[in-house]
Amino acid sequence: MEFTKTPGWLDWYANPSMPRFRVPEGSVDAHCHVFGPGAVFPFAPERKYTPCDASAAQLFALRDRLGFARNVVVQATCHGADNRALVAACVASGGRARGVATVRRSVADAELDALHAAGVRGVRFNFVKRLVDFTPKDELMEIAGRIAQRGWHVVIYFEAVDLPELIDFFTALPTTVVVDHMGRPDVGQPVDGPQFELFVKFLRDHPNVWSKVSCPERLSLTGPRALDGERHAYRDVVPFARRLVETFPDRVLWGTDWPHPNLKDHMPDDGLLVDFIPHIAPTAELQRKLLVDNPMRLYWPEEN
Ligand code: 0GY
């Protein structure tokens with residue numbers, strides 16, 4: 001099937017620079033996606049955007065170039081609850097990728113079994129209104145109860161302004177809960193202002209809640225400018241991510257977010273994104289927890 005990209009779509013960066021920061025051996029890119037290819041794995045009719053293709057082979061090439069060992073592939077909304085592209089990527093990785101799927105209430109136990117066999121270890125609940133239509137909370141809670149029995153976790157994606165109304169639902173989830181992109185704070189507000197304090201309190205009060213300290217390129221107001229030739233982009237996001245890494249060193253994950261859906265003003269250089277890591281995790285121990293120990297504990301517990 002032929003698909004036409006959403007007008008203004010930015011394609012992923014074909015030749016990212018080599019990062020200066022060398023990630024520790026065994027590092028996991030714990031948030032990335034595959035898109036299609038649309039001719040093989042069609043995009044879902046209910047999607048809100050149509051991306052460029054971004055195949056598993058292209059993802060694995062990026063993994064190798066940046067020095068990562070493994071990936072966690074998160075189901076993108078353009079594929080709805082059709083997890084075939086995700087499953088194919090996990091299978092093709094030879095055990096070096098795990099998956100986070102999207103499922104509906106109607107999903108059969110046998111399908112959950114098949115997803116588990118392929119490497120899926122979580123489901124994603126998305127509350128970002130431009131990406132998905134509303135799913136009733138009782139449906140999500142029912143799914144959470146079923147996947148909890150398998151030892152899976154829930155990944156949640158929402159905007160910071162929506163946390164106050166969603167927090168009761170989140171704290172009632174019976175699994176480990178992983179928040180995408182720090183709950184998308186407004187980094188124009190102070191790192192110790194009320195909005196981010198609520199997010200920090202959410203993690204402090206609930207030891208089952210983790211956060212991805214990813215996507216500075218989505219959150220930054222200052223942008224990718226590297227000052228004085230230094231490879232230090234997205235500086236305004238650093239205090240937010242660093243606060244989480246230093247306060248909750250055992251509950252943070254990092255990912256590239258390749259192929260970076262829905263960016264409007266620029267496409268990040270994935271090499272620069274890797275060079276962001278030592279600014280938010282300044283010691284070797286914090287880097288190892290962020291990139292190796294934490295994702296391994298969550299996604300490959302059998303290897304710990
Ligand atoms: C991300 C962010 C976005 C998109 C999706 O599944 C998706 O379509 O997650 C976004 O547009 O903010 O994490 O990839």
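This briefing looks at the ligand site and the open space in the structure. The model is predicted, so to speak by the record's own rules: local features need pLDDT of at least 70, side-chain atom pairs count only at pLDDT 80 or more, and totals for chains, interfaces and linings use all residues. Residues are numbered from 1 along each chain as its sequence is written, and side-chain values use heavy atoms, with hydrogens and water left out.

**The cavity**

- The structure has one cavity of 30 Å³ or more, a cavity being a set of points on a 1 Å grid over the protein atoms alone where a 1.4 Å probe fits but cannot get out.
- The largest cavity comes to about 110 Å³, where grid points are joined across faces, edges and corners and the volume is the space filled by probe spheres set on the points.
- Its lining counts 14 residues, and His33, Arg124, Leu131, Tyr157 and Pro261 are the closest to the centre; a lining residue has an atom within 4 Å of a point.
- By class, this lining has five nonpolar, five polar and four charged residues (Ala, Val, Leu, Ile, Met, Phe, Trp, Tyr, Cys and Pro are nonpolar, Asp, Glu, Lys and Arg charged, and the others, Gly among them, polar).

**The ligand**

- Around the ligand are 16 residues, with His33, Tyr49, Thr77, Tyr157 and His181 coming nearest (one heavy atom within 4 Å is enough).
- That shell splits into five nonpolar, six polar and five charged residues.
- Ligand oxygen atoms lie 2.5 Å from a side-chain N or O atom of His33, 2.5 Å from a polar side-chain atom of Tyr49 and 2.6 Å from one of Tyr157; the polar-contact cut-off is a pair of N or O atoms within 3.5 Å.

**The largest pocket**

- The largest pocket has a volume of about 550 Å³; a pocket is an open set with protein on both sides within 12 Å along at least five of seven lines.
- Of its 28 lining residues, Asn126, Val132, Asp133, Phe134 and Thr135 are the closest to the centre.
- β4 (120–126), α4 (137–148) and α5 (163–172) each supply at least two lining residues, and α4 gives the most, with four (DSSP runs: helices H or I of at least four residues, strands E of at least two, numbered from the N terminus).
- The pocket lining has 11 nonpolar, six polar and 11 charged residues.

Methods:
A polar contact is a pair of N or O atoms within 3.5 Å; within protein, one must be able to donate a hydrogen and the other to accept it, and residues adjacent in sequence count only if both atoms are side-chain atoms.
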